[in-house]
Amino acid sequence: MGVLKRYGKYLPISEKTPAVNLEEGSTPLVRLDRIGGELGIELWAKLEGCNPSGSFKDRGMVLAFAKALEDGARAFVCASTGNTSASAAAYAAHVGAPCYVLLPSGKVALGKLAQALIYGARVIAVEGNFDRALEMAREASELKKIAIVNSVNPYRIISQKSGAWEICEALGQAPDLHVIPVGNAGNISAYWAGYRDFNVWGRVSALPKMIGIQAEGAAPLATGKPCPNPETVATAIRIGNPVGAKTAIEAVSQSDGFFETVTDREILDAQKMLASRAGIFAEPASCTTLAGLVKLAAANTAKKLPQGAKTVIILTGNGLKDPDTAISQVEPPVKIGGSLEELLEVMA
Ligand code: AN7
């Protein structure tokens, strides 16, 4: 069941809203006992990489497209570090509308670029970073009167709240800690709003602490300082001027949570840990969450990471989107000729 069907009663839709559906949402929430045990917490991972275009963006895109079509939109535009463009391109293809995507030239993971191109979007590589591409997309959408589907589009955030609703339904309560990567800061804002909804509606009695993780080289919210030249291996969150800054800061402060930074090395180590010890391959931006928990556990800050805390990490995107980064971190395959002897030697 797609998000509009599963949660239609909580969303601003009517019979007039086109029933866009790629069966997004309803992603697995997997308990990670081995890693959780090492960290001394009850650890759960939400596999957003299982969405149709391989990231959480599909949850918001489905409503953004449905409402834009309802309002008569004929074409779509977005700027993206990769996943928004993959998702927008997929929904545009699905509904049969043209889509323009602006990408920071040379800084988008290979799988995401392949997606935008094969879905048939008009892909434009901008000399400049994501922040500049977003400014351009916003101006172009106004001048050309086409729908912008970045998270400046409020419908994106509204249906991304479905991730929080699913977690509450799966656990029967909200977690103690919600750990999430922060780039343009839309998703952390959406999850906090979603948890608060379920609290207000009497579906859960408590709220989680929101812990937002940023890459050290792109950490405007964690440091409280502007970041004009963001740089990180986690290209999805290579963002210096987050549109959702205000609501993300509110989510963290209202929930008594905090922001934390992790280095590229810590991100890559966490990616390998997650893959090799839990069987889950998530893209680098997603692995900031586990990297943050490992850092907190090592620092032994029991106040920030209480023993046994029910903790959910949001694994926002699929590891297959960025094969280059993964391959650069592991040993290459063992090469042998065609003989069984050689094989048995390797297996000895
Ligand atoms: C895998 O695609 O901004 O804090 O243009 O792809 O809501 O921005 C992607 C962001 C986390 C950060 N994890 O979420 C884009 C884009 C992954 C992402 C984030 C992104 P926000």
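Trainee: Are Glu166 and Lys46 buried or exposed?
Mentor: Both Glu166 and Lys46 are buried. Buried is under 20% relative accessible area, exposed is over 50%, and partly exposed is in between, using a 1.4 Å probe and protein chains only.

Trainee: What kind of model is this, and what are the ground rules?
Mentor: It's a predicted model: local features need pLDDT of at least 70, side-chain atom pairs count only at pLDDT 80 or more, and totals for chains, interfaces and linings use all residues. Residues are numbered from 1 along each chain as its sequence is written, and side-chain values use heavy atoms, with hydrogens and water left out.

Trainee: Back to that pair. What do the side chains of Glu166 and Lys46 do?
Mentor: They form a salt bridge, 2.6 Å from N to O. That term means a side-chain nitrogen of Lys or Arg within 4 Å of a carboxyl oxygen of Asp or Glu. Helices (H or I, at least four residues) and strands (E, at least two) are DSSP runs, numbered from the N terminus.

Trainee: How many salt bridges are there in the structure?
Mentor: 19. Arg31, Asp33, Glu42 and Lys310 are linked in a network of them.

Trainee: What about Lys209, which partner does it have?
Mentor: Asp256, with the closest N and O atoms 3.1 Å apart. Lys209 is in strand 8 (residues 209-215) and Asp256 is in the loop between helix 11 (245-254) and strand 9 (258-262), so the bridge ties together parts 47 residues apart in sequence.

Trainee: Where do those two stand on exposure?
Mentor: Lys209 is partly exposed at 28% relative accessible area, while Asp256 is exposed at 51%.

Trainee: New topic: at what angle do helix 3 and helix 4 pack?
Mentor: About 45°, for helix 3 (residues 57-70) and helix 4 (residues 83-95), with their axes 9 Å apart. Axes are lines fitted to C-alpha atoms over the stretch in contact, and angles run from 0 to 180 degrees between N-to-C directions.

Trainee: Which label does that get?
Mentor: Helix 3 and helix 4 are oblique to each other. Under 35 degrees is roughly parallel, over 145 roughly antiparallel, 65 to 115 roughly perpendicular, and the rest oblique.

Trainee: Which residues of helix 3 and helix 4 make the contact?
Mentor: Contact means heavy atoms within 4.5 Å. Among them are Met61 and Phe65 of helix 3 and Ala88 and Tyr91 of helix 4.
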